[in-house]
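Let's take a walk through a protein chain together. Please have the sequence and the 3D view ready, and turn the view as you read.

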Amino acid sequence: MITTSPLRTAVGATAIVLLTATPALALGPFLRTSGPLTDFVLGTPGPFDGASARVQLVESAKGSHAVLTVKGIDPSVSGQTFGAHLHDGPCIAGDGAAAGPHYNSHVHGQTPQAGVSDRTEVWLDFTVADGAGTGTASVPFVPQPGNRSVVIHALPTNPQTGGAGPRLACLTVSW
């Protein structure tokens with residue numbers, strides 16, 4: 001039989017709050033998913049071939065916080081920054097367009113603010129170090145449920161346009 005002491009429980013709860021890295025009260029994760037990345041560029045070697053990712057979304061009183069962790073990245077791209085965004089559709093191998101556009105809170109009727117920014121979309125850019133990268137985002141909305149994906153792009157996100165170059169790989173996230 002496994003028992004948990006009150007101290008261990010308190011430490012675990014503290015870790016979840018610290019993971020959110022947001023000053024708002026964390027209400028808890030509403031999505032945790034992980035797995036191998038789906039390749040959009042079949043037949044061509046890429047830095048994410050064989051890589052895997054983990055995504056966690058945590059709701060807070062002020063919106064939500066997302067954490068993307070990617071491991072198994074080709075070390076030859078160490079130091080390079082890749083754009084990563086929550087998209088409206090799922091991953092389909094070899095078909096980057098199937099992931100649809102970026103998830104945008106204004107398009108989904110969640111925020112009055114129109115346009116493309118890190119306040120209306122979930123941008124999770126990361127820089128590769130030692131074959132891994134982590135991106136985080138805090139946004140003033142909670143993404144609506146659906147069959148969505150986190151897409152990794154070839155370039156860092158352009159803050160004026162939200163563009164980040166060709167789609168390389170993705171992880172389907174559904175809730």
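Is Cys91 buried or exposed? With a relative accessibility of 13%, Cys91 counts as buried. Here buried means under 20% relative accessible area, exposed means over 50%, and partly exposed is in between, using a 1.4 Å probe and protein chains only.

Before we go further, a word on what you are looking at. This is a predicted model, in which local features need pLDDT of at least 70, side-chain atom pairs count only at pLDDT 80 or more, and totals for chains, interfaces and linings use all residues. Residues are numbered from 1 along each chain as its sequence is written, and side-chain values use heavy atoms, with hydrogens and water left out.

The score pLDDT is the predictor's confidence in each residue, from 0 to 100. For this chain the mean pLDDT is 87, and 83% of the residues reach 70 or more. Residues 1-24 are another matter: pLDDT stays under 50 there, and the model has 14 contacts beyond four places in sequence for them. A contact means heavy atoms within 4.5 Å. Where pLDDT is low, the predicted coordinates should not be read in detail.

Now back to our cysteine. Cys91 and Cys170 form a disulfide, with their sulfur atoms 1.8 Å apart; the term stands for a pair of cysteine sulfur atoms within 2.5 Å. Cys91 sits in the loop between β6 and β7 (126-127), while Cys170 belongs to strand β10, so the pair ties together parts that are 79 residues apart in sequence. The structure holds 1 disulfide. Cys170 counts as buried too, because its relative accessibility is 0%. As for the names, helices (H or I, at least four residues) and strands (E, at least two) are DSSP runs, numbered from the N terminus.

Cys170 also leads us to a sheet. Thr38 stands opposite Cys170 in β10. β2 and β10 (residues 167-174) run antiparallel and are joined by 2 bridges; two strands pair if DSSP finds at least two bridges between them. Strands of a sheet pair through backbone hydrogen bonds, either parallel or antiparallel. In this model, 4 strands form an open sheet in the order β2-β10-β9-β6, with antiparallel pairing. The edge strands, β2 (38-39) and β6 (84-87), each pair on one side only.

Let's look at the inside next. In soluble globular proteins, nonpolar side chains tend to be buried together. A nonpolar core is a set of buried Ala, Val, Leu, Ile, Met, Phe, Trp, Tyr and Cys residues joined through side-chain atoms within 4.5 Å. The largest such core has 30 residues, of which Leu37, Phe48, Leu68, Val70 and Phe126 touch the most other members. At least two residues each come from β3 (52-60), β4 (63-71), β6, β8 (132-139), β9 (147-153) and β10. The strand that gives the most to this core is β10, with 4 residues. A second, separate core of 5 residues includes Phe40, Cys91, Ala99 and Val151.

The structure holds 5 aromatic pairs. Rings of Phe, Tyr and Trp (its six-membered ring) pair if their centres lie within 6.5 Å; planes under 30 degrees apart count as stacked, over 60 as edge-to-face and the rest as tilted. Phe48 and Phe82 form an edge-to-face pair, 4.9 Å centre to centre with 80 degrees between the planes. Phe48 lies in the loop between β2 and β3 and Phe82 in strand β5 (residues 81-82), so this pair ties together parts that are 34 residues apart in sequence. Phe82 is buried, with a relative accessible area of 1%. Phe48 and Phe126 form an edge-to-face pair as well, at 6.2 Å centre to centre and 85 degrees between the planes. Phe126 is in strand β7, 78 residues from Phe48. Phe48, Phe82 and Phe126 form one aromatic cluster.

Our last stop is the loop between β7 and β8, where Val128 is found. Val128 counts as buried because its relative accessibility is 2%. Among the residues that Val128 touches are Ile73, Val77 and Phe82.
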